[in-house]
Amino acid sequence: MAAPDRAVLVVEDDPDMREVEVLMLTGAGYRVMQAADGVEALEQVAAEMPGLILLDMRMPRMNGWEFAREFRSRYNSGTPIVVVTAAPDADARADEIAADGCLSKPFRMAALLEAVRRHLPRSV
Amino acid sequence: MIAPVAYHWAHCAPGPAKIDVRGVGTASDEQDNLLQRFPGIGDTVLRTFFTGSREAILVAGPFGRYVASNPAASELLGYTAEELRLLGPADVVLGEPAATDPIGIWRNDLELRRKDGVPVPVEARVTALQGPLAVLSVMTAHDISDRRNVERENAALLERERAALAAAEAASRAGAEFLAAAAHELKTPVAVIKAYVELLASQETRERSTVEARALTALNSQCDRLTDLVENLLDVLRLSLGRLYLERHHISLGALAAEVVARMQGLTTKHRLLLDVADPAEVDADPRRLDQVLVNLLGNAIKFSPQGGEIRVTVAAWDGAAVVSVEDAGVGIPATRQAQIFDQFYKAHPGAAVVYEGLGVGLFLSRALVQEHGGTIWFTSVEGEGSTFSFSVPLAGAEAANGGAG
């Protein structure tokens, strides 16, 4: 399968968690950007707009809620956001920031790849 | 020196009016009559009132000294009548000078100084009397120390309650924050382990040894087991903090049961899971939580029929409620252990050789979840023959009518 042009931005403060997500995605042929918190995520987005954002919610410096608010007020890009959370009510977390999808930690690799496949827009 | 002058007592009316004391003031015709027939009786009545009244009465003259006082005033202040004639408002009344007191209104913020120096809080009223030579100031007062004490105690009590409420709210917020942090901290390492295990398992680059293959499978399933245990623990914590919330959707309990049965069947080859859905049983419920209850009941049925056999799940609508039953032909529950079966941390078969012991909170949580939906949970069991666990949830639309819990 040809890799889509748009990259997936992984926002996750736990370095091991972030690394395994990156490995899973690159192994599946995606181009991946990464950030350790909301502040870095905004820097990444300023350099290149990703096609999809996988967003951890509980992070230091700037958490997922704050990032979503900042991101949406600065950009009108319509970039889909998938919330990745350890909270049991993942849908509720997603609804809080009007995200496009949610993924519960711990997740199966197939679930992660399915979420990306579903929400990453095909390049035109 | 004040020349003794005969004062005629007059009716003290409220308000700032100066009152002519040359006549005898009356309040009614009847009183008029009485006084005409018995001249002097007004005097006696008023004198009796003056001496017998429990209100302290102090009459201050134009030279700033008390010209008259009653026994109650002596009792209140600790001075004899003779001592009081040498004193005046300036010596006794604490606070604003008596001269500027508004006439005729009750004040409850005055203090009078007793002979022993102790200030006593009083509620008092001051009236002016126009005498033949001068204006007199009449004060009636009573001790409100008791009232003051009660007010002070109430204020202190209110303050303590406010502080307690604030502390409770802070603790509640701390509890909620702890819950969110605990969920995150406990599940992230498990998520990392599981993710790497899955990543390794997905790599088909080389032949994997038997040990490696088994290791990956075992690691993965242990991660799932740990996740379940952590979730159970967090649920117990949420329940104890009153933070177990439902996210209701309109769902078919029959369809949910079918999903769970199919999933659970995959966990056992020794058991046959049979499903009988008599009605679709539409309910307004949290599918994740009812899934949890069904998994708990089916898991127990499997766990406690180690010989295998059939496990029957039935779903039916009955009397405004959806009823789900899980019936097994396993070891059953001893009669002596049945009463506490839904208690927290209670195990009906402690030390039994069962796979996946668990925390002993499954039924405790199931009951809480069913009750949160406005339903009930019950069971029948005979040791050696098996158990049937059932729960009911009000049908969609029926809950309001039944007055079920929100």
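Before going on, a word on the ground rules. This is a predicted model, where local features need pLDDT of at least 70, side-chain atom pairs count only at pLDDT 80 or more, and totals for chains, interfaces and linings use all residues. Residues are numbered from 1 along each chain as its sequence is written, chains are lettered from A and ligands numbered from 1 in the order in which they are written, and side-chain values use heavy atoms, leaving out hydrogens and water.

Two strands pair if DSSP finds at least two bridges between them. One pair to look at: B:Leu58 has B:Ser69 of β2(B) as its bridge partner.

Now chain B as a whole. How many helices and strands does chain B have? There are 11 helices and 13 strands, where helices (H or I, at least four residues) and strands (E, at least two) are DSSP runs, numbered from the N terminus. The chain has 406 residues, and 37% of them count as buried; buried is under 20% relative accessible area, exposed over 50%, and partly exposed in between, with a 1.4 Å probe and protein chains only.

Next, two helices in chain B. α6 is residues 145–202, α7 is residues 210–240, and their axes come within 9 Å, crossing at roughly 170 degrees. Those axes are lines fitted to C-alpha atoms over the stretch in contact, with angles from 0 to 180 degrees between N-to-C directions. So α6(B) and α7(B) are roughly antiparallel to each other, a label for angles over 145 degrees. The residues of their contact split into 17 nonpolar, two polar and six charged.

Last stop, chain A, and its loops. The peptide bond from A:Lys105 to A:Pro106 is cis, with omega near -10 degrees. A:Pro106 sits in the loop between β5 (101–104) and α5 (109–119).

Which way does phi go at A:Arg61, positive or negative? It is positive, about 70 degrees, although A:Arg61 is not a glycine. You'll find A:Arg61 in the loop between β3 (52–56) and α3 (64–74) of chain A, and at 60% relative accessibility A:Arg61 counts as exposed.

A:Ala98 isn't a glycine either, and has a positive phi of about 50 degrees. A:Ala98 is in the loop between α4 (90–96) and β5 of chain A, exposed at 55% relative accessible area.

Methods
Parallel < 35°, antiparallel > 145°, perpendicular 65-115°, else oblique. Nonpolar A, V, L, I, M, F, W, Y, C, P; charged D, E, K, R; others polar.
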